[in-house]
Amino acid sequence: MQYNFDEIIERRNTQSSKWDNVGARVGNPDALPMWVADTDFRVPYPVLDAVKARAEHPIFGYPFVTQDFKDATVNWVKKRHGYEMKPEWVVFATGIVPVFNTLVQAYTNPGDEVIIQRPVYHPFGFAIVDNDRVISDNSLIYKDGKYTIDFEDLERRAASPKAKLMILCNPHNPVGRAWTEEELRGISEICLKHNVIVICDEIHSDLMLFGHKHIPVASLDERYAMNTVTCYAPSKTFNIAGLRGSGIVVPNPEIRAKLEFQFKKNRSIQQNVFAIPAYVAAYEKCEDYVEQLLPYLEGNVKFLDNFLKEKMPKIKMVQPEATYLMWLDCSETGLSGDALAHFFVQEAKVAISRGDGFGPEGADFVRLNIGCPRSTLDKGLNMVLEQYQKRGF
Ligand SMILES: Cc1ncc(COP(=O)(O)O)c(C=O)c1O
């Protein structure tokens, strides 16, 4: 099937958080939404068909998790990432953000430390702090426009007797790194040595750009697999975040039992009736969609990069290896934090995600969602350019 990612689809008045809640969440109802991580692309046709087929049935009673959900997860990860898993390792969750809380509750106690690498997807920190655990921030190193891991600091943090868990983002939102085998082995060995369980959020793993290859941590070594919980979902790739379905892969039976017990305690496992039909259709029937989406996203990345280099050189794109979330270094404008957000959201009227939302390390940055038709990206960039020139940067 052929997809047209240039198609403009009106999303206002669809209870869209990105479009209809931009005023409350970003602070300007008239700003062009380029913030929260869903795309403005049509969902693949087989997914629409699966949802419509289920909607045709006149009863929406309680569903249960069927075997095809587990099989679809296993088949997809094998096909796309070459990692062979067992269906019984896969646990259903109604999204990855809610599961962070369950995982933190299952594997740590109040007061324990959980390692994250900021700037990073902010719900990692919420799950830690809201559950009375402590953030241990192994800040990424930013040098010459590239992010790397501070392994000495990681070792020190993992060695703390209170460190029980690490939440790793691979590929990393917002800095766009796809961690190399060497980096993943480095993290995994340190965590194994100090009995720190690794939660690996691989939600963006299908969105690999410019030849980068996704490496599931658990695929590298049986010992890592036994110490890892990996979170997958078709929601970013196929734009179905609103249907709430994710596959949590736990090879270690003891670690899996703890997760399942915590789900039971929280009574938080029940899915909606459309979640699994959409999930299975996406993973079983929509590989062609990803094959077309990736070059389109790469085109958007190049468009953005050229635009910035030619017209707004004081805003620099951190070269992404994956995801449609671009991390823009605005330090040369001299704006930071509130002033930087004001420039984008109130002056340019482009709704970005504030960099400091991902941790204090992000104060001079904004995150721009380029999962949109190129004409929308062009429009947003020109709105920023007008204000950039007005300011005389
Ligand atoms: C790294 C990461 N994890 C999880 C999520 C959201 O997961 P879910 O919608 O399944 O709760 C996002 C969404 O942006 C994300 O970027």
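## Nonpolar cores

Of the 77 residues in the largest nonpolar core, those that touch the most other members are Phe238, Leu304, Met312, Leu328, Phe344 and Leu368. Helix H13 (residues 287–311) gives the most to this core, with ten residues. Domain 1 (17–44 + 287–387) and domain 2 (60–285) both contribute residues, so this core lies between them. Another core lies apart from it, with 29 residues, among them Val91, Val114, Val120 and Leu165.

A nonpolar core here is a set of buried Ala, Val, Leu, Ile, Met, Phe, Trp, Tyr and Cys residues joined through side-chain atoms within 4.5 Å. Buried means under 20% relative accessible area (1.4 Å probe, protein chains only). Helices are DSSP runs (H or I, at least four residues), as are strands (E, at least two), numbered from the N terminus.

## Basis of the model

The model is predicted: local features need pLDDT of at least 70, side-chain atom pairs count only at pLDDT 80 or more, and totals for chains, interfaces and linings use all residues. Residues are numbered from 1 along each chain as its sequence is written, and side-chain values use heavy atoms, with hydrogens and water left out.

## Domains

The chain is divided into domain 1 and domain 2, with bounds from an automatic or database domain assignment. Their centres, taken over C-alpha atoms, are 25 Å apart. In contact (heavy atoms within 4.5 Å) are 34 residues of domain 1 and 36 residues of domain 2.

## Largest pocket

The largest pocket holds about 1300 Å³ of space. A pocket is an open set of points on a 1 Å grid over the protein atoms alone, with protein on both sides within 12 Å along at least five of seven lines; lining residues have an atom within 4 Å of a point. Volume is the space filled by probe spheres set on the points, which are joined across faces, edges and corners.

The lining has 49 residues, and Val36, Ala37, Asp38, Lys236 and Ala241 are the closest to the pocket centre.

## Cavities

There are four cavities of 30 Å³ or more. In a cavity, a 1.4 Å probe fits but cannot get out.

Conventions
Buried < 20%, exposed > 50% of the residue type's maximum accessible area, 1.4 Å probe, protein only.
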